[in-house]
Amino acid sequence: MSDVLTHSIVEAGRWIDSQGWCPATGGNFSARIDASSAWVTASGRHKGELTPYDLLRVDSHGQVINSKLKPSAETLLHTALYALDVNIGAVLHTHSVASTVLSRLEASNTLVLHGYEMQKSLSGNNTHDATVAIHIFNNTQDMQALAQQLKNTWAKSPLQWGFLVRGHGLYAWGKDMVEARRHLEGLEFLFACERDMMLLKR
Ligand SMILES: CSCCC(=O)C(=O)COP(=O)(O)O
Ligand SMILES: [Zn+2]
């Protein structure tokens, strides 16, 4: 299984772990292979210690293709994103302290960011003076229900860059792994800033 895509997932896991964004076995990652399948991380692995043998292929409904591995418990969120936008090439889910705390501090279903230069790390943004809206879904163990909520929300207005799951973490994506990593890093920085601003009540 020597592949640029699988290597990009393993490498992303090492980096995300080095940032402290996937403690214990938290987080899951994927990369689109083609129109109807993706590589996804196996469930329960430490994401900083992945090898290509911890990855499996799933179809657009999250069904396992030719593997005995158990796919991530959150596979349906990855496959929903690939189905919702053909331009999404990679999805990274993290469990950082900032995203976990901030998503609980913000009571509404939208986190609004404004005034940060780092907003320009998110594709399509070229000024700190714009408004960046990040949707927050309530956490649930029912992934089919959460995937359906994602589809319903997207149908009203497509999401960009990522979304939060309250008390759980962040999903970030991009057209490829490079862009997904940039969006993830930018959002994690913005969330840490916003959490501190909220705690300082400014
Ligand atoms: C202690 S992590 C709880 C499960 C979770 O939220 C997660 O991201 C990891 O689940 P997976 O099945 O992908 O290992
Ligand atoms: Zn998770």
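User: Leaving aside its neighbours within four places in sequence, which residues is Leu 55 in contact with?

Analyst: Happy to start there, keeping in mind that this is a predicted model. A contact here means that two C-beta atoms lie within 7 Å. For Leu 55, the partners beyond its sequence neighbours are Thr 6, Ile 9, Trp 39, Val 40, Thr 41 and Ala 42. Leu 55 itself sits in strand β3, residues 55-59.

User: Is Leu 55 buried or exposed?

Analyst: The idea is to count C-beta atoms around the residue: 20 or more within 10 Å makes it buried. Leu 55 has 26 such neighbours, so it counts as buried.

User: Which residues surround ligand 1?

Analyst: Read the shell as a list, then by class. Around ligand 1 you find, among others, the run Ala 24, Thr 25, Gly 26, Gly 27 and Asn 28, as well as Glu 74 and His 93. Thr 41, one of the contacts of Leu 55, belongs to this shell too. By class, the shell holds two nonpolar, nine polar and one charged residues.

User: What does the UniProt annotation cover?

Analyst: The unreviewed UniProt entry places a "Class II aldolase/adducin N-terminal" domain at residues 7-195. Over that stretch, the chain is 34% helix and 24% strand, with its end C-alpha atoms 33 Å apart.

Conventions. Residues are numbered from 1 along each chain as its sequence is written. Chains are lettered from A and ligands numbered from 1 in the order in which they are written. This is a predicted model: local features need pLDDT of at least 70, side-chain atom pairs count only at pLDDT 80 or more; totals for chains, interfaces and linings use all residues. UniProt positions are given in the numbering used here, feature names are shortened, and annotations may be inferred rather than shown by experiment. Helices (H or I, at least four residues) and strands (E, at least two) are DSSP runs, numbered from the N terminus. A residue is near a molecule or strand if its C-beta atom, placed from the backbone, lies within 6 Å of it. Ala, Val, Leu, Ile, Met, Phe, Trp, Tyr, Cys and Pro count as nonpolar, Asp, Glu, Lys and Arg as charged, and the others, Gly among them, as polar. A residue is buried if 20 or more other C-beta atoms lie within 10 Å of its own, exposed if 12 or fewer, and partly exposed in between; C-beta atoms are placed from the backbone.
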